[in-house]
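Please look over the sequence and the structure shown below before reading on.

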Amino acid sequence: MTDSATTPARPKLALPQGRDTVLLHSCCAPCSGEVMEAMLASGIRYAVFFYNPNIHPVREYEIRKNENIRFCEQHGIEFIDADYDVDNWFERVKGMENEPERGIRCTACFDMRFERTALYAHEHGYDTFTSSLGISRWKDMNQINGCGERAAARYPGMIYWTYNWRKGGGSARMIEISKREGFYQQEYCGCVYSLRDTNRHRRAQGRERIKIGVKYYGQEETLG
């Protein structure tokens, strides 16, 4: 368990190139909690954009989305609910079904999600966007930043903010906030292939398959 007394003070943030508003692509409430609170503490104006057609099954998608909505409403932050165009996502990653985590399937997935985020940003007056995806230790920061910068390059003047949300105690605060809020604790990245591979790994260890909608942060402490 993380001791909040040992977590470094949250650094003061500033958007690059003097910009003052950002569109935050959120993958889930646990990952975006620290990002959202850090930007609020720094006076950065932002809205949350939820576009994650990779999440499977739809019940898991709805739980993750609703947790994010709950946290946005709590802080008075605009939540933009984008399409769950799962058919397009499957078409985008076709032929990559057996690629490993952090491989080319993940790149295609990030590209698709960031392209839609950049399009919305362009059409609604945002010149900067970022994502909470990079705060997870399971993700490759270089892979995520590359996808974000590639999507931003589609529009003149658009930039992807590559801030490392893990540094300065960000990862520890992410867990602290998740426990404080009792967020739903997803046990796999999100897509059907991640669910498949995680369950294979669990079975090989003699563990039960993942149960959707069951596990929440802080639950162990409460039950203990």
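**Helix α6 and its buried face**

In this predicted model, the buried residues of helix α6 are Gly-170, Arg-173, Met-174, Ile-177, Ser-178 and Glu-181. Viewed down the helix axis, the buried residues of α6 fall within an arc of 140°, so they line one face of the helix. The partners against which these buried residues pack are α1 (29-41) and α2 (58-75).

- Helix α6 runs over residues 170-181, and at 1.5 Å a residue its twelve residues should span 16 Å, which agrees with the 16 Å that separates its end C-alpha atoms.
- Ser-178, which lies in helix α6, has a relative accessibility of 0% and therefore counts as buried.
- When neighbours within four places in sequence are left aside, Ser-178 is in contact with Pro-30, Phe-183 and Tyr-217.

- Five strands make up an open sheet, in which the order is β3-β2-β1-β4-β5 and the pairing is parallel.
- At the edges of this sheet are β3 and β5 (159-160), each of which pairs on one side only.
- Strands β1 and β2 run parallel and are joined by five bridges, and for Leu-24 the bridge partner in β2 is Val-48.

**Nonpolar cores**

- In soluble globular proteins, nonpolar side chains tend to be buried together.
- The largest nonpolar core here has 60 residues, and the ones with the most contacts inside it are Leu-23, Met-39, Phe-114, Phe-129 and Trp-165.
- At least two residues of this core come from each of β1 (21-25), α1, β2 (45-50), α2, β3 (79-81), α4 (104-123), α5 (141-152) and α6, while the largest share, nine residues, is supplied by α4.
- Met-39 touches Leu-13, Val-22, Leu-24, Ile-44, Tyr-46, Trp-161 and Trp-165, if residues up to four places away in sequence are not counted.

- Although Ile-55 and Gly-190 are 135 residues apart along the chain, their C-alpha atoms are separated by 4.4 Å.
- Gly-190 is also one of the residues that Ile-55 touches, the others being Cys-27, Phe-50, Glu-60, Tyr-61, Arg-64 and Tyr-84, with residues up to four places away in sequence not counted.

**The chain as a whole**

- The chain contains eight helices and five strands, which follow one another along the sequence in the pattern β-α-β-α-β-α-α-β-α-β-α-α-α.
- The radius of gyration of the chain is 17 Å, close to the 17 Å that the globule rule gives for 224 residues, so the chain is as compact as a globular protein of that length.
- Along its principal axes, the C-alpha trace of the chain spans about 55 × 45 × 30 Å.
- Of the 224 residues in the chain, 51% are buried.
- Among contacts between residues at least 6 apart in sequence, 77% join residues that are at least 24 apart.

Note on methods: Residues are numbered from 1 along each chain as its sequence is written. This is a predicted model: local features need pLDDT of at least 70, side-chain atom pairs count only at pLDDT 80 or more; totals for chains, interfaces and linings use all residues. Side-chain values use heavy atoms; hydrogens and water are left out. Helices (H or I, at least four residues) and strands (E, at least two) are DSSP runs, numbered from the N terminus. The expected span of a helix is 1.5 Å times one less than its number of residues. Buried means under 20% relative accessible area, exposed over 50%, partly exposed in between (1.4 Å probe, protein chains only). The arc is that of the directions from the helix axis to the C-beta atoms. Contact means heavy atoms within 4.5 Å. A nonpolar core is a set of buried Ala, Val, Leu, Ile, Met, Phe, Trp, Tyr and Cys residues joined through side-chain atoms within 4.5 Å. Two strands pair if DSSP finds at least two bridges between them. The radius of gyration is taken over C-alpha atoms; the globule rule is 2.2 Å times the number of residues to the power 0.38.
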